[in-house]
Amino acid sequence: MEHFDLVVIGSGSGNSLIDERFAGLRVAMVERGVYGGTCLNVGCIPTKMFVLPADHAIAPEQARRLGVDQQTTAVHFSQIRDRIFGRIDPISAGGKQWREQSENVTVFTGTGRFVDNHTLEIALQGEDEPVRISGDRFVLAAGSRATLLDVPGANDPQVAPKVHTSDTIMRLAALPERLVILGGGYIASEFAHVFSAYGSQVTMINRSERLLRREDEEISERFTKIISRRVNLQLNQQVVRVEPHRGDVVVVTQDPNGIEYSYPADVVLVAQGRVPNGDGLELERAGVETDQQGYVVVDEQQRTSQAHIWALGDVSSPYQLKHVANHEMRVVQVNLLAEIAGEQATVSSDHRFVPHAIFTEPQIASVGATEQELREAGTPCITTVQAYGDVAYGWAMEDADHAVKLISDPAAETLLGAHIIGPQASTLLQPLIQAMSFGLGVEEMARGQYWIHPALTEVLENALLGLVEQRG
């Protein structure tokens, strides 16, 4: 049985952990799927590469409001797909090849499961017999996976090939004429934008009364209204079964009154969240604690209930965000190296202000608390909503839908939350993240710097001033 100083399970952010500072150690890298992790292969990067052409495809709708006639004559799905994966696939393959050439790293392609807290058994791809390795220290970076459809008919051989998750939908052979999306979160919303822009007839089916329920209610309600103009939006319906029909699929739902509805589709996308991959690692054998949702429990230094086992990214983080995984990777990296050097691990993860963005149309970006979270917690707050259309650049855009919502303490000293829906939301949010992270006061931010006129950033300036005006 081979022994290693460090065993890393997962080649996403876990792969980035191994740099030249680990050159003196024997390291094992265990990856059960495609090398490079979720973000590179089936997540952030390819999805956004699909989003940008979608933004261009619907540009004529926006130009028409401004007196410009232009037309999208065709969207070549196969060309878009092949361009994207023609770039991503070689990066994944090259990353694996480069890692395999590392003198101190051994790559194991297969599924690893703990035998005890220092031993891992790996079912290697293409091999009949598993191998066992032991390690002094482990890093769990095994990521997450898409939730599968679990209703009657989902495993029917006539249905199953037409039911996809975010892992497979981007590699379709052709653009579907009719796409039914199950879910109302960020994955469902981004793909609703992409496929409707490309020309598919999209139906979204959601269990609750609005989409993106984790966002601030103001943002969620605005988005639900806006996307309903482009897709067939069906709310308050639960999927009860799927059936084959004349070579296609029918999704059958039920509303709260028990009434059933049927939606035919060429392709069904299941976008009902992701679950951590810790359940496949036999963590109980290693004595590694998980919570009720299946996430590996870690402390502020990313250490698990076993002192020699660390975890990062989606396997332990409910944020399920690449920038969080990368931050946690750096924390683990520093703490591991310190411990190996005989020093105390002292670096902690900073999850105070974790931002996120949803690249649908319109874009949505958020950091900090929502108003409903603060109200439920009994935390006093004041809010302001600043419309894009009330600043000069918004006039140029003829904007009528988009806004910035800011939340602060009653004295308007510091921001508690920031929520944006509209063009450039993911970029506009950044100075607000910075302000919250470094404790910059609301008035200091609003009046302590120049805001370029008439740039769109004035919507932030006016929103901040709106909080200052309300302060007690």
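Predicted model: local features only at pLDDT ≥ 70, side-chain atom pairs only at ≥ 80, totals over all residues.
Trainee: Is strand β5 largely enclosed by the rest of the structure or open, and how many of its residues are buried?
Mentor: Strand β5 covers residues 131-140, ten residues in total. The strand is largely enclosed by the rest of the structure, because the buried residues among the ten number seven.

Trainee: Which residue in β5 is the bridge partner of phenylalanine 4?
Mentor: Start with strand β1, residues 2-9, which runs parallel to β5 and is joined to it by seven bridges. For phenylalanine 4, the partner in β5 is glycine 135.

Trainee: Which residue of β16 is the bridge partner of leucine 140?
Mentor: Strand β16, residues 309-311, pairs with β5 in the parallel sense through three bridges. Leucine 140 has as its partner in β16 alanine 311.

Trainee: Is cysteine 381 buried or exposed?
Mentor: Buried means under 20% relative accessible area. Cysteine 44, at 32%, therefore counts as partly exposed. Cysteine 381 has a relative accessibility of 10%, so it counts as buried.

Trainee: How many disulfides does the count give?
Mentor: A disulfide is a covalent bond between the sulfur atoms of two cysteines. The rule asks for a pair of cysteine sulfur atoms within 2.5 Å. By that rule, the number of disulfides is zero.

Technical notes: Residues numbered from 1 in each chain as written. Heavy atoms only, no water. Buried < 20%, exposed > 50% of the residue type's maximum accessible area, 1.4 Å probe, protein only. Helix = DSSP H or I, 4+ residues; strand = E, 2+ residues; numbered from the N terminus. Pairing = 2+ DSSP bridges.
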